[in-house]
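Hi there,

Here is the model I promised to send over. Have a look first, and my notes follow below.

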There are 2 protein chains.
Amino acid sequence: MTEMKRPVTIQDVAREAGVSTATVSRVMSNPGIVAATTRAAVEEAIARTGYAVHHSARNLRRQRTGSIVALVPNLANPFFSQILSGVSATLSPRGYHLLIADTQNGPQAGGQLLHYLGHGVADGLILFDGTVERAHLAPGAGDRPLPPMVIACEWMEGLALPNVRVDNAAGARLAVAHLAGLGHRRIGHITGPAGNVLTEARIAGTRAALAQAGLETREAWFFAGDFSLDSGAFAAREWLAMAERPTALFCASDEMAAGFIGAVQAAGVEVPRDVSVVGFDNIEIAAHLTPPLSTVRQQRTTIGVEAARMVLGCIDGTVTGAPELVLPVELIARRSSAAPAA
Amino acid sequence: MTEMKRPVTIQDVAREAGVSTATVSRVMSNPGIVAATTRAAVEEAIARTGYAVHHSARNLRRQRTGSIVALVPNLANPFFSQILSGVSATLSPRGYHLLIADTQNGPQAGGQLLHYLGHGVADGLILFDGTVERAHLAPGAGDRPLPPMVIACEWMEGLALPNVRVDNAAGARLAVAHLAGLGHRRIGHITGPAGNVLTEARIAGTRAALAQAGLETREAWFFAGDFSLDSGAFAAREWLAMAERPTALFCASDEMAAGFIGAVQAAGVEVPRDVSVVGFDNIEIAAHLTPPLSTVRQQRTTIGVEAARMVLGCIDGTVTGAPELVLPVELIARRSSAAPAA
DNA sequence: TCGACTCTTGAAATCGATTTCAGACTCGGC
DNA sequence: GCCGAGTCTGAAATCGATTTCAAGAGTCGA
């Protein structure tokens with residue numbers, strides 16, 4: 001048919017249809033202002049040539065890129081896959097692409113970030129990592145206006161950035177209150193990684209709920225974890241070696257809860273007969289574990305959807321300032337938590 | 001300091017340094033050919049103005065985009081997160097961005113794909129979804145040369161596309177041989193979604209291994225699943241209702257294995273005492289389940305890394321034709337499989 | 001002292017689409 | 001028959017960087 005060499009440009013279409021490139025462009029982006037007959041001719045030419053707009057060219061002229069970048073601390077962590085799915089589902093219908101950057105938990109996150117900011121790489125940014133150095137975020141750093149940016153899941157104290165998160169402290173309180181309500185008097189906690197805002201919020205919620213229930217807050221019952229399966233299993237070893245064990249544990253992530261349960265059950269301890277466990281996240285497998293895991297549900301898809309909406313809102317100006325959206329959490333009682341043995 | 005209005009362009013830097021834009025450009029992309037003193041002046045000017053190259057402009061001129069798109073069937077599936085992590089880790093140091101498109105398992109995958117092909121959106125494409133309509137992939141469809149493309153995890157029979165995958169049939173054979181070796185005579189299989197190439201390869205491997213071991217291949221013992229936890233639990237209900245049950249099951253995914261085990265254990269059946277189970281994938285939680293899950297290990301990060309390398313190779317011409325890389329798998333025997341009860 | 005060469009550098013064309021600006025044309029009303 | 005308003009269209013400028021081409025400045029040997 002036509003030559004298959006060089007990709008067809010708007011010039012080719014214009015020539016083919018006997019009009020100017022301006023008209024072709026109008027047919028594509030604002031058909032209404034083009035006369036019906038002309039439009040038909042152009043559309044016919046487009047179809048015949050198989051023309052497709054060249055994004056780089058359009059982006060250059062329009063001064064936008066059509067993509068949003070999501071900065072995640074660790075892409076391998078399945079926790080983010082569902083969130084990103086929500087982001088993607090929101091972005092696609094609005095014509096935006098999703099660019100993913102994995103900071104690999106590294107301190108070079110700042111560098112990564114700088115790379116994306118103001119370089120015309122993306123129109124907006126969703127930050128899922130609260131450990132980025134503040135210096136990089138302060139407007140004026142590098143002398144260049146920063147693109148719209150929202151921070152999701154995590155947040156940064158004292159930094160006025162649009163934000164989507166769940167009510168972490170409330171989740172912790174729900175979990176601990178649940179355990180206390182079952183009759184547990186000795187309740188422990190496996191924490192997230194030190195320094196993380198989520199970790200701190202959940203610890204704070206745990207302490208608050210313990211105090212409210214009039215229970216002891218024993219520091220030895222706070223096991224240091226990092227959200228991972230292995231850190232849960234590690235905490236289990238500490239717990240097993242302990243003289244005076246807590247009878248119930250609230251874990252800051254479902255993965256740690258699963259790691260803990262797996263390890264204690266391998267040691268012959270039974271859940272929930274010997275120890276009750278509550279997780280956080282409600283990952284999909286939680287309901288299928290043995291025993292099914294009681295947990296605090298966090299709607300990950302919704303987080304992604306709302307974060308994406310928020311950036312888009314910032315971009316088109318319908319969202320201004322630094323709104324904060326705190327999503328509710330919910331306790332899901334399953335079989336891993338029960339009244340303590342008499 | 002300087003005005004904070006408009007982002008600084010290469011023109012500004014050129015003016016600041018008293019050179020032409022050509023020289024500034026050379027300093028950035030090929031410093032060697034610029035005189036040392038001039039180069040220093042330009043670098044100084046770049047630092048002073050905080051200049052950063054505008055990607056759309058560069059891309060337009062260079063006729064590349066600097067990004068690779070990964071088309072995944074379902075981003076919410078954590079199976080892909082580790083693969084994508086490998087892709088990202090390989091792409092970043094080479095200066096490429098990772099663009100992610102979620103086809104949402106929909107038939108519109110073709111449309112999605114078309115959107116990315118030849119539109120100057122990406123320099124290459126990694127396809128993790130084998131269900132794309134072939135018509136969209138045939139070079140010449142739409143009259144435009146297709147960008148480099150590799151298909152990973154899955155593949156398409158009779159389509160000569162660069163390909164990275166694991167040896168699925170061998171994995172199935174390993175699993176079944178392992179169960180047969182333990183003494184099981186009645187071995188069943190929970191399959192993946194119908195029509196999927198992975199499903200078919202694993203079924204074929206299962207049948208081959210059963211035949212080789214001289215065991216019966218009973219159709220009733222092939223449970224239809226779709227890789228999901230719930231489908232594993234569903235198969236468990238069928239299995240429980242069965243008069244003559246297989247004593248061992250090979251599941252085409254760890255998630256189905258976990259769903260199966262969770263459901264039968266909830267019904268009072270013990271694993272591996274009453275039934276042995278082997279999964280496929282070796283997802284991270286497999287080792288922490290109760291009992292720890294025996295499975296066929298599939299190196300997901302490696303798949304991502306190799307797929308990314310392959311596209312990059314196609315782009316820079318070091319890879320030609322349609323190479324196929326079949327990664328080995330490995331059986332990991334844990335506690336969910338044991339000799340059948342006497 | 002005069003080419004022949006190399007080394008640097010800048011002017012200008014280029015990538016492909018969008019958009020402004022103004023011109024051409026139509027139509028209705030007076 | 002003329003004028004103004006309204007419609008539609010094309011020429012050309014523009015987005016910001018890269019790269020070709022050629023020219024100017026030295027260098028070196030004969």
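Which strands does helix α5 (residues 79–91) of chain B lie across? The helix lies across β2 (97–102) of chain A together with β1 (67–72), β2 (97–102) and β3 (124–127) of chain B, and it runs at about 155 degrees to β2(B). Helices (H or I, at least four residues) and strands (E, at least two) are DSSP runs, numbered from the N terminus; angles run from 0 to 180 degrees between N-to-C directions of axes fitted to C-alpha atoms, for helices over the stretch in contact, and contact means heavy atoms within 4.5 Å.

A word on conventions: this is a predicted model, where local features need pLDDT of at least 70 and side-chain atom pairs count only at pLDDT 80 or more, while totals for chains, interfaces and linings use all residues. Residues are numbered from 1 along each chain as its sequence is written, chains are lettered from A and ligands numbered from 1 in the order written, and side-chain values use heavy atoms, without hydrogens and water.

Some polar contacts (N or O atoms within 3.5 Å):
- The side chain of Thr23(B) has an N or O atom 2.5 Å from a phosphate oxygen of DNA strand C.
- A backbone N or O atom of Ala35(B) is 2.9 Å from a phosphate oxygen of DNA strand C.
- A polar backbone atom of Ala57(A) is 3.3 Å from a base nitrogen of DNA strand C.

Best wishes

Notes
A polar contact is a pair of N or O atoms within 3.5 Å; within protein, one must be able to donate a hydrogen and the other to accept it, and residues adjacent in sequence count only if both atoms are side-chain atoms.
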